[in-house]
Amino acid sequence: MGLLHSIDFTSWQNLLATVIGLALFTLIGVGIRLLAMVTIQQRRERLNRQINERVRTLIAAYRTLGGSFTGDLTVDPMHLRDLRRPSVPPEGEADVLDLSADKVARSDRARRIRDAVEAALSDIVLLGTEEHVRLASRGARELVAGHPVHTQELVISLRAFIREALDLAPIPADIELPAQGPARPSASGGGKGERGKEEGRQGGGGGSGMGGGMGAGMGGGMGVGLGSLRHEDDPSSGHGT
């Protein structure tokens, strides 16, 4: 009723001005509301992307740090330079590396595990919670000091956080999980890569052979055909009309 009383019906000019004013007021209100909705939606989408990226990175770190239930569940910080023989060499002889095939293979495997764990710890320091960062920094300090690193405590903390972020119920207390350690790298990828390269080289050789054969055949056939035509058109050959 108050709005109707405020409208002036005495003249059409006043009525038109009132209608235009109401339309502008409504348009401005709708525009402000749409702008607020778009801003809130963009902020929510950006927050969702950040959360998804954070959870995805922490899940990858969890798989790296806790992907194994058997075998050696610690991270060996040794480098290849640390594989020197512990015994003191005789006087006058230089200290040499123990480069036996078994020891080098075990060292390469431990090196790949250590590199993967270091990358996972770096991601956790960047995107983890305060508890994750404390545990990851402690593991990094142990790696720097050359001590074997246990990842079980950090794995448990990551598992609890990820399940909560994904709105999953915590693991029941009556379920006893074995200790978890860093995932062991698979050695099948290198063999497949080498086989793929070898097949590519063989395919390239076969293709060049086919190309050479076709080129030679086409070149020879065209040369013979043109030669015979020139021979038939030559009046001195005795075949011309």
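## Salt bridges, a helix face and a nonpolar patch

Arg112 and Asp108 form a salt bridge, with their closest N and O atoms 3.5 Å apart. The model is a predicted one. A salt bridge here needs a side-chain nitrogen of Lys or Arg within 4 Å of a carboxyl oxygen of Asp or Glu, so the 3.5 Å between Arg112 and Asp108 qualifies. By this rule the count comes to seven salt bridges.

Where do Arg112 and Asp108 sit relative to each other? Both belong to helix H3, which covers residues 101-127. They are four residues apart in H3, so about one helical turn separates them. Arg112 has a relative accessible area of 31%, which makes it partly exposed. Asp108, at 30%, is partly exposed too.

A second pair in H3 repeats that spacing. Arg111 forms a salt bridge with Asp115, and the closest N and O atoms are 3.4 Å apart. These two residues are also four apart in H3, so about one helical turn lies between them. Arg111 counts as partly exposed because its relative accessibility is 35%. Asp115 is partly exposed at 32%.

Asp115 has another partner. It forms a salt bridge with Arg114, where the closest N and O atoms are 3.3 Å apart. Is Arg114 buried or exposed? It counts as buried, because its relative accessibility is 4% and the cut-off for buried is under 20%. Taken together, Asp108, Arg111, Arg112, Arg114 and Asp115 are linked in a network of salt bridges.

Next comes helix H4, residues 130-145. Its geometry can be checked. At 1.5 Å a residue, its 16 residues should span 22 Å. The end C-alpha atoms are 23 Å apart, which agrees. Which residues of H4 are buried? They are His132, Leu135, Ala136, Gly139 and Leu143. Seen down the axis of H4, the buried residues fall within an arc of 95 degrees, so they line one face of the helix. On the other side of H4, Glu130, Arg134, Arg141 and Val144 are exposed. After H4 comes Gly146, whose phi is positive, near 85 degrees.

A polar contact of 3.1 Å joins the side chains of His132 and Ser157.

Which residues make the nonpolar patch of about 780 Å²? Trp12, Leu16, Ile20, Leu24, Leu27, Ile28 and Ile32 make it. Take Ile32 as an example. Ile32 lies in helix H2, which runs over residues 12-66. Its relative accessibility is 56%, so Ile32 counts as exposed. The cut-off for exposed is over 50%.

How values were computed. Residues are numbered from 1 along each chain as its sequence is written. This is a predicted model: local features need pLDDT of at least 70, side-chain atom pairs count only at pLDDT 80 or more; totals for chains, interfaces and linings use all residues. Side-chain values use heavy atoms; hydrogens and water are left out. Patches are made of residues with over 30% relative accessible area and no salt bridge: like charges are joined within 9 Å, nonpolar side chains (Val, Leu, Ile, Met, Phe, Trp, Tyr) within 5 Å. Accessible areas come from the Shrake-Rupley method with a 1.4 Å probe; for residues, only the protein chains shown count as cover. Buried means under 20% relative accessible area, exposed over 50%, partly exposed in between (1.4 Å probe, protein chains only). The expected span of a helix is 1.5 Å times one less than its number of residues. The arc is that of the directions from the helix axis to the C-beta atoms. A polar contact is a pair of N or O atoms within 3.5 Å; within protein, one must be able to donate a hydrogen and the other to accept it, and residues adjacent in sequence count only if both atoms are side-chain atoms.
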